[in-house]
Amino acid sequence: MSFRSTLALLVLLVLLIGGYYAMLSREETTRRQRVEAQRAFTHTPDELVRISIQQEDRRPTLGVRTGDEKWTIEEPYSLRAYHLLWNRVARNLAELSNERIVEEAVSDLATYDFHDPRLVVEAQTADGQELTIVFGKAGPTQTNRYALINDGLVTLIDDDSYFELNRSLDLLRHHHLFDYDPDEGVHRVEFAWIWTEDSDPAEPEGPIPGDESMPVVVEYEDDTWYMLEPEPGPVHHETVMEFVNGLLSETCKHFVDEPESLADYGLDPARARATLITAPGAAPQTVYFGDQVQRDGETRIFAKWADEPTVFTVRQGLRSKFPSSPTAFRERRLLTTEAKQLRLIEIDTADALIRLERDDRGGWMLTEPTGYATDQRAVSEFIGVLTHLEGREHVTISPEEAGLDEPRAAIRLQAEGDETPRVIRIGDPTPDGETCYVTQDTGTPLTLSAAIGDNLAATELFRFRAKELVQFIESEIAEVHLTLDGNDYRFEHTGRAWRVREPEDHVWDSQADMEALLDAINPVRAVSLEASDPGDDLGHFGLETPMMTLAFTMTDNDISAPAVLHVGSVAPDNSRHRFAKLEGISEIYRIRQAHIDDLRQAIQGVRPR
């Protein structure tokens, strides 16, 4: 192809592309002109500074723009506005479009029910221009409505646009309990109960109706909540968050803008007060709460803002989140630090001193006393108990009175970054015997269930020791020596299968039976420690003549064999347990009877050749 032909094709391509974009531009211009021709008004939403909405048989609601996307309500009362909805109304009014023009000039108002309108919307622009739209009856298709624009043009407006403008005062007003920006959060919250005529009888010189009880004040700083009053300290974070979130998410209903008497609503005096401050230096917002009332089939509570006369209702469930006492928000957990930060646990009781230290891999080691493997699961469970353990109530009492100067038990816990250990102390029972005195790891005294306190004070070393009496890797076992119910057995692994060496001339009915035998004894775990040093009285446990003895020969002399296990009689108080001991160790344990039952079942697979 010649250069001239190529150039001609290129010019043609440019002309085609240019023509295509010109066509698209004309279509967009035509579409825009068509839309503009259908618009009822020519103003933008930002140009509208006053909007009045009058629903059928109701007083007008007048909203006035006070700033960028900010509004206030001036009629029928001076009220805070729901800015988001007013901006939506302004946008829908400015973008209102005609479906079809019915008359260029209205001939008869009654024909379209404009004399008895369903809705009247009036607006004013910043330069003083006034706009009016009157909605009459529904159109022929029942999907639109007749509208009179600026007392002249009669048109049809779709029902969706009508709905967007047909807003009641209850929707247009501010209806959240507190005004705050979620991006900024909350800085401080206060709460106080208020004495009323039906409060508990007061002392002769005590509080009178209208007096507040001791306030509860919490403050949010450094990503956590702290209590400032009645006493500085940590708070129960989940409880405080539930209370704060309840206040922030509450929606107000059933507004009474001109109450005759606040006493009719239990608001003179009120029963409680909540105050919220969104940021340091911000103006406080206060709400008072009054009596309960039935509305729309649910129980609600009367309330009012401190700086407005309006009475409204909130959900009765909000009351359940109020602090029941000045100490209700205080931290009640015994362990207030994060469990994953713990590096040392030391339990000092009347009978033992137990020390656990976390190693570099995150596991726990028994370092006092030494010589025992550690039950990692038991340590994790103990930490879990401490993490979720909560006291009942805070108390003011001296350490001497509570038995906390010389506690029954002290649990010392050192976390990452702690210079000295925190201490949880278990003291004396309270006078009623249902609880006992304890301290949190911060040193704050409170009460705890007596049964839980007794259990902590009786913590034993065995709880944290590894419970496996017998545990092995099957490939490392050369022989299993078993005496069971007076019969001797010896099983040898030949490399390919297990053989019965004793009794002679016997074989396994199936290798699966030998696997069942191994499963029955790997592992054998102690259920509990029955006696640390029984002396010579083994007959009491059926261990002078054990009903079962289990021993192993390993494939390599360098591999340590499990200790020989002896099993004695059934525990008299629990038929599911048997007594057992390891050869060379004085301790008596309990193991599960299920090990013996499974062994007996498996050994039935041994038969004469």
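The questions below concern helices, loops, salt bridges and a surface patch.

Biologist: What kind of model is this, and how many salt bridges does a search of the whole structure find?

Modeller: This is a predicted model. A salt bridge here requires a side-chain nitrogen of Lys or Arg within 4 Å of a carboxyl oxygen of Asp or Glu. When the whole structure is searched, the number of salt bridges found is 36.

Biologist: How far apart are the end C-alpha atoms of helix α2?

Modeller: Helix α2 covers residues 83–94 and has 12 residues. At 1.5 Å a residue, α2 should span 16 Å.

Biologist: Which residues of α2 are buried?

Modeller: A residue counts as buried when its relative accessible area is under 20%. In α2, this holds for Leu85, Trp86, Asn87, Val89, Ala90, Leu93 and Ala94.

Biologist: What span should α5 have, and how far apart are its end C-alpha atoms?

Modeller: Helix α5 has 13 residues. At 1.5 Å a residue, these should span 18 Å. The model agrees, as the end C-alpha atoms of α5 are also 18 Å apart.

Biologist: Which strands are included in what covers the buried residues of α5?

Modeller: The buried residues of α5 are Val240, Phe243, Val244, Gly246, Leu247 and Leu248. An α-helix has 3.6 residues a turn, so residues three or four places apart point the same way. The cover over the buried residues of α5 includes β10 (188–193), β11 (216–221), β12 (224–229), β15 (272–277) and β16 (285–295).

Biologist: Is Thr310 buried or exposed?

Modeller: Thr310 is found in the loop between β17 (298–305) and β18 (311–315). Its relative accessibility is 1%, and the cut-off for a buried residue is under 20%. Thr310 therefore counts as buried.

Biologist: With which side chain does the side chain of Thr310 make a polar contact?

Modeller: Leaving aside neighbours within four places in sequence, Thr310 is in contact with several residues, including Leu79, Arg173, Phe255 and Asp257. The side chain of Thr310 also makes a polar contact, at 2.8 Å. The partner in that polar contact is the side chain of Asp257.

Biologist: Which residues does Thr337 contact, leaving aside its neighbours within four places in sequence?

Modeller: Thr337 lies in the loop between β18 and β19 (342–349). With a relative accessible area of 15%, Thr337 is buried. Beyond its neighbours within four places in sequence, Thr337 is in contact with Leu342, Ala415, Arg422 and Asp441.

Biologist: With which residue does Arg422 form a salt bridge?

Modeller: Arg422 counts as partly exposed at 22% relative accessibility. The closest N and O atoms of its salt bridge are 3.0 Å apart. The partner is also partly exposed, with a relative accessible area of 21%, and is Asp418.

Biologist: How many residues apart are Glu250 and Arg315?

Modeller: The side chains of Glu250 and Arg315 meet in a salt bridge at 2.8 Å, N to O. This pair links distant parts of the chain, with Glu250 in the loop between α5 (237–249) and β14 (253–256) and Arg315 in strand β18; the two are 65 residues apart.

Biologist: Which residues make the nonpolar surface patch of about 360 Å²?

Modeller: One of its members, Val14, has its place in helix α1 (residues 3–38). Val14 counts as exposed, because its relative accessibility is 52% and the cut-off is over 50%. The patch is made by Leu10, Leu13, Val14 and Ile17.

Definitions and conventions. Residues are numbered from 1 along each chain as its sequence is written. This is a predicted model: local features need pLDDT of at least 70, side-chain atom pairs count only at pLDDT 80 or more; totals for chains, interfaces and linings use all residues. Side-chain values use heavy atoms; hydrogens and water are left out. Helices (H or I, at least four residues) and strands (E, at least two) are DSSP runs, numbered from the N terminus. The expected span of a helix is 1.5 Å times one less than its number of residues. Buried means under 20% relative accessible area, exposed over 50%, partly exposed in between (1.4 Å probe, protein chains only). A polar contact is a pair of N or O atoms within 3.5 Å; within protein, one must be able to donate a hydrogen and the other to accept it, and residues adjacent in sequence count only if both atoms are side-chain atoms. Contact means heavy atoms within 4.5 Å. Patches are made of residues with over 30% relative accessible area and no salt bridge: like charges are joined within 9 Å, nonpolar side chains (Val, Leu, Ile, Met, Phe, Trp, Tyr) within 5 Å. Accessible areas come from the Shrake-Rupley method with a 1.4 Å probe; for residues, only the protein chains shown count as cover.
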